[in-house]
Every structure is written in structure tokens, then in C-alpha cells.
Amino acid sequence: MSVSEYFGGIPSVDLRLDTTAAGVGLLLAVALFPLRFYVSSVFVGTVPLVLGAASALYLVTDRYGSEHPSLEASRVGAARAHQLRAATVVGLAGMVFVTTLTGGRTVAFFAVAGLVGALLFAQITFVRREALDPALVLVQIVGFTLLVRWLALATTPGLIGIDAWVHLPDYAASVRGSGGLGAIADSQYYSAPLYHLLVVGAAEVFGSSLRTGLYATLGLVVPLSVCLVYYTAGQSLSARWALFATATFAVADHVVRWGLHLIPTSMGLVFFLGVFYGVSTVYASERSGAAYGFVLLFAFATVLTHQLSAFVVLLFLTVGTVVQGYLRFVAPRVTRSRAADVPAGVNFAAVLLVVAPVTLADWSLGPREGEAFLPAMVESATTRLGEAGFLDLASASGGSTASVASVVTHVPRSVQLVDTIGFLALLLVTVVGVFALLRHASLGSLPLVWIAAAAVMLLVTLGMPLFGLYFLLPTRWYAFMYVPMVVLAAYGMYHAEISLSARQAAALLVLFALVFPGAMLVNHSATRDAPVNEDAYHRFAFSQGELDAAETIATVHPTDVAIAADDPYYLLFRNRHVMTADPLELASDGTATGTHVVYRSHLATGGTQVRYDDEMVRAQLPATSVCRPSMDVVYTNGDVTYCTAP
């Protein structure tokens, strides 16, 4: 099925929406460029450049491109395809070998994983159509996806992430122990318990621990869900570019994150993929009743799993309703065409009218901080909006004394730039894909919904923080935003291939294959268990010694006194052991205050945080700065020391 056949639209002859949008993008990039002189955020400095580059690239290729699939003749045949597959399999085995040899996901592991990712993209983009085996490549992508996640899960003691220590040892364990949801009646997950019921049910069926039940279910489902991207993109794209979208999604940093940090957000992402796939299926199957049922099933499942994920689904359906309303009632007047000429597409309004009341009713039942979830969140959002201000970004304390400045560290600008390369590469080809779709589907509703949904999510993730608005937890939106972005990116690469010469297209594809997977896999969001730059970013996993120490300290620490530790270690005491715990507080001389403190040896070299002057700052501290000479050592095991003031 061609792009025009699927979307029901044809290039506009009266108005070139693609070139107009590219021109607007170029102007917007110029307008945003001066912000770099007022804000130190790496995204503020780089996103306008990427937007401008994508817009300029599209305008140049539109003006001088040939639009012929000239690269096909240069692609490799069956013999080379077999060699690439064999090399990929060897690379997958190498990932297991390196992990076994080093005991975890080390720099060597990520080097091998980046190479395997490059080989996968090479198969997808450089093997001829007749030699490309989509099913076999998809199996390799799924295998790669599983290994990247599972080798981290298998080699990390305990759990990866912080919230997981609440959901499993607290909520799920309480449900299992009591045999009902009454044990979490004071939690917002009382009305969204599907995650906890799944984990408890799996543990009961397998006769295992909750951790094993989690890994055996959601730990497998999250990696396997990348197949939904393939089937979604495959409804409008060839197998090659559907595989491209799938591989791009599989290695994306925040997608990897939710395959490691297995919490309700992970499950919500799977259900959102189901909604996204169902909507595309409705579009392709001319409003099939079964496809609508698929959309509603996953939408309701999201409501019963995670409030933020349900909000993302509501936003997606709302965007679809607005786009559909525009095409039906506004576009005909603007373009002087008949509304009947616009494909009916998906009845987003009808789906929204069914899903929204159920969602709002569920939010009204779930408690949060002593009141219903919905009123509590509305009040919180209203308060935050009232306090918002342009360029009101969180920043580290600038008034540190010399003593504190000697221990406070900052993430180097070069490290931040390397950390964003993968996202910027994806954004560039996504923007090109937006322009390409506007060219080929100017009257179709679904591509406009993809574009609008990605744009709105970009505003949440990158725009709202500029105003100091974090109440929607923007970092948790990236994985959801990547769903429409990777499909748009596939269109962008397809457009580049047919618009550039064979040599230019090959160079672009090689550069993407070499840079993108490796850059995404070493991003700090994808390496929560073992950051590549451990002195700059948090390690959201704990060694066995650190877990054992927390267990012992929890038994000897007085219940009426707060304990202080670095961030994120103090959260283990708060979430896992339900103790009163606070971040370490630095005094002006660079030493920690407090009468009951915990020091980790990781504090000397890691990217941990402590509190100074009411702000969280990154610091590397020697043991004597936390466990002061005047304090008594109550417990130590080499990794962790617990001290109290006499």
C-alpha cells in the first residue's frame, strides 16, 4: 500500500504545506536561537540548531533532489545479507559473554551493544528488497531488545530504579499478604491496581518472589511490545522502513529505561502502544469494530494501571479529536474543498467520549495525600501554573562557599552534549519526516494526528520546563513521545533516500547507524543500573553490600530519629524500609550535618546528590566529611558506614 493510498490524500497543488512548514520551522529556529545566551540548558542550545538544520535540509532536497530510489541498486544482495546476520548473531553472543565476564553492563558491553545496533540498522537499510527477510530481522531486533534489558536485570541485585522499591516490597507485598486491595486503600494505585495484581498473580502462579514474577511477566512484555511499532508502521510503510521505526524505538534511551525500571509507567507504555496500533488499524480497516474494541481495551487497561499514562492516552485522543474537527469543519472553508473529500479516518471524538468519563471516574476514586486523586492534581497544577515564569529553570546553587565548591561537581558540558546526540539525531529525521508527510498526505487525518501528538508531547517535555513546570513529570513523557516520533522518523529517512543521490543517502544512513544506537544506549536514562559516566549521573541501582547495609541499619536505627544519606540512597530507606529519611545536608564548610548519617564509598566518586542551601547539588565527598571524627561508627561493611553523634 502506498502512502497516498493509506492516508487518502494527495499533494496539494494550491498550497505546499511541506515547504511552508519547513520555512516556518527555519524562522522558528532563528527566533529560538538567542535563548542559548540566557539559559544554559543543553536542549535550549541544540534543539533550535537541529530544527533549523532539518528545515534547511528539507528545503534544499525539495529544490534540488531527484526523488528517485537510486540507492536500491547500490544495496547488497543475499550473500552479504547472510554475513550481516551472522555478524549480528555473533554480536548478540558477545553481549552475553562480556556481561558474564565483567559481571554487569560495563563500557565494554555498551561498545559491543552499539556495534550490534549498527549491524541491525545496516541490515535494515543496506540489504536489497528481495534479500531482506523482515521476520528474521524483527526476531533479531527483539532478541537484541531482550538482551539489553535482561542482562541488566539479571546482574543487578534487588531492583533497578527507586519507585520499584515502593511498588514491589510495599504495595505488591501488602496486596499479596492481605489477599486484597484494602492494604493499599490509601494509595492512588487503589483505583489503578493492574500492575500490582499482575505481579502478585504471577508470583503466586510461579510460586516465586515478587521480583521473579515481575521479571517473568512485565520484564518480557515490555521488550516484546516493540513489535507493535513494526505492525503499526507496516500499515503505511514498506517492511524496510517499518523495521527502521522498530529498531529506532527499541534502542531509544527512555524506552530502554522503562524496560529496566519496571513500574506502572512501563506497563502504561505497553498499553499506549496498543492504543496507537489500534488507532492505525482502525484507519486502515475502515473503522473495523474489532479494531475499535482493541483501542478501547488498551485505553481502559491504561486507566487501571497508571494515571500519567492514562493522561497521555487522553491527550492523544484529544489531539485526534481536534485534528479531525479541523479537517471536517475548518479545512473545507480554507481550501474550498468539500468535507466529503476528507477521509473519515478514526472517530476520535467517539472514542474520547467513551474513555474520558471512565478515566475521570477512576481518578475521582483513587486517593492522593488524603483526598481524591483528581481534585488533588487539579489543585497542584493550579498552584504550579500560578508560580510559573518564563525561563524559570531549576539550577544549582551559585552562592557556594569555597569549602562547598571544592566538593560540589557539575556535569561537564561535553558529557551533556554526548548524552543528547541520540535524541537530537532522532529529532532531526523526525522533523524531516513531518515535512515529508505534509507533502504526501496533506488531507489525511492520521498523519496530522501523529504530527500534532508528537508536537504536543515535545511541548510537555521541552517547553514546560522552560516555565518551571514539572508537575506533569516531563521526563516520563519521552518514551510515549517516541512512539509517533519513530514512525515520523522512518518517513524522514525514506524521504531522504529518494531525494538524495545514492552516495549522499548512503552516507546519511551509515552515519545514523554508527551514531544513533550507541548514543542512545549509553545515555544516562538507558543506563540507570550502571551509568557510563558514573561520576556525572546517578546510579539508580545498589550493590549487594549496599542493600545488606540498609537492611541492617534499618534494624538498629531509632524509629523516632530521621536518618540522612545521599540521593538516591536515602530513598531506599524511605521507600523500602519505610523510615524517616532525608538527603544529606552540607554545611558551609563542606561537611555533612545531622546526628544519624550514612556514608557510601560510592559518594567519593559517583554522581550522587546532597542538599546545600535548600537545593540539591552534585557532590563527591570523602568519608570524613560525612562520618566526622567526633561521631561513633555503629555499623560498617566496607561499602556503607553508619555513624551517630555521641
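This is a predicted model: local features need pLDDT of at least 70, side-chain atom pairs count only at pLDDT 80 or more; totals for chains, interfaces and linings use all residues.
Biologist: Hi! Which residues touch the most other members of the largest nonpolar core?

Modeller: Those are Phe144, Phe316, Tyr482, Tyr569 and Phe573, in a core of 189 residues.

Biologist: And which helix gives that core its largest share?

Modeller: Helix 21, residues 478-499, with 15 residues in the core.

Biologist: Let's do helices. How do helix 7 and helix 9 cross?

Modeller: Helix 7 covers residues 164-178 and helix 9 covers residues 210-224; their axes come within 11 Å and cross at roughly 100°. That angle makes helix 7 roughly perpendicular to helix 9.

Biologist: Which residues make the contact?

Modeller: From helix 7 you have Leu168, Ala172, Ala173 and Arg176, and from helix 9 Leu210, Arg211 and Leu214. Sorted by class, there are 5 nonpolar and 2 charged residues, with no polar ones.

Biologist: And helix 8 with helix 13, what do the axes do there?

Modeller: The axes of helix 8 (residues 194-206) and helix 13 (residues 264-284) come within 9 Å, crossing at roughly 105°. These two helices are therefore roughly perpendicular to each other as well.

Biologist: Who meets whom in helix 8 and helix 13?

Modeller: Leu194, Tyr195, His196 and Leu198 of helix 8 meet Pro264, Met267 and Phe271 of helix 13. By class, this contact has 6 nonpolar residues, 1 polar and no charged.

Biologist: Changing topic: how many disulfides are in the whole structure?

Modeller: A search of the whole structure finds 1. The disulfide is formed by Cys627 and Cys643, with their sulfur atoms 1.9 Å apart.

Biologist: Left-handed or right-handed, that link of Cys627 and Cys643?

Modeller: Right-handed, with 100° about the S-S bond.

Biologist: Where do the two cysteines of the pair sit?

Modeller: Cys627 is in the loop between helix 25 (623-626) and strand 9 (632-636), while Cys643 is in strand 10, residues 640-644. They are 16 residues apart, and the pair links distant parts of the chain.

Biologist: Are Cys627 and Cys643 buried or exposed?

Modeller: Cys627 counts as buried because its relative accessibility, 12%, is under the 20% cut-off. Cys643 is buried too, with a relative accessible area of 1%.

Biologist: Now the backbone. Where is the cis peptide bond with omega about 25°?

Modeller: That cis bond joins Asp567 and Pro568. Pro568 is in the loop between strand 4 (563-565) and helix 24 (569-575). For background, most peptide bonds are trans, and most residues other than glycine have a negative phi.

Biologist: On that note, what is the phi of Val578?

Modeller: Val578 has a positive phi of about 50°, although it is not a glycine. Val578 lies in the loop between helix 24 and strand 5, and is exposed, with a relative accessible area of 65%.

Biologist: And what about the phi of Asp614?

Modeller: Asp614 has a positive phi too, about 65°, and is not a glycine either. You'll find Asp614 in the loop between strand 7 (609-612) and strand 8 (615-619). At 65% relative accessibility, Asp614 counts as exposed.

Biologist: Last one: where is Pro583, and what does Pro583 touch?

Modeller: Pro583 is in strand 5, residues 581-583. Not counting residues up to four places away in sequence, Pro583 touches Ala564, Ala565, Tyr570, Arg611 and Met616. Pro583 and Tyr570 are 13 residues apart in sequence, and their C-alpha atoms are 6.1 Å apart.

Biologist: Buried or exposed, that Pro583?

Modeller: Pro583 is buried, with a relative accessible area of 10%.

Notes. Residues are numbered from 1 along each chain as its sequence is written. Side-chain values use heavy atoms; hydrogens and water are left out. A nonpolar core is a set of buried Ala, Val, Leu, Ile, Met, Phe, Trp, Tyr and Cys residues joined through side-chain atoms within 4.5 Å. Buried means under 20% relative accessible area, exposed over 50%, partly exposed in between (1.4 Å probe, protein chains only). Helices (H or I, at least four residues) and strands (E, at least two) are DSSP runs, numbered from the N terminus. Axes are lines fitted to C-alpha atoms, for helices over the stretch in contact, and angles run from 0 to 180 degrees between N-to-C directions. Angles under 35 degrees count as roughly parallel, over 145 as roughly antiparallel, 65 to 115 as roughly perpendicular and the rest as oblique. Contact means heavy atoms within 4.5 Å. Ala, Val, Leu, Ile, Met, Phe, Trp, Tyr, Cys and Pro count as nonpolar, Asp, Glu, Lys and Arg as charged, and the others, Gly among them, as polar. A disulfide is a pair of cysteine sulfur atoms within 2.5 Å.
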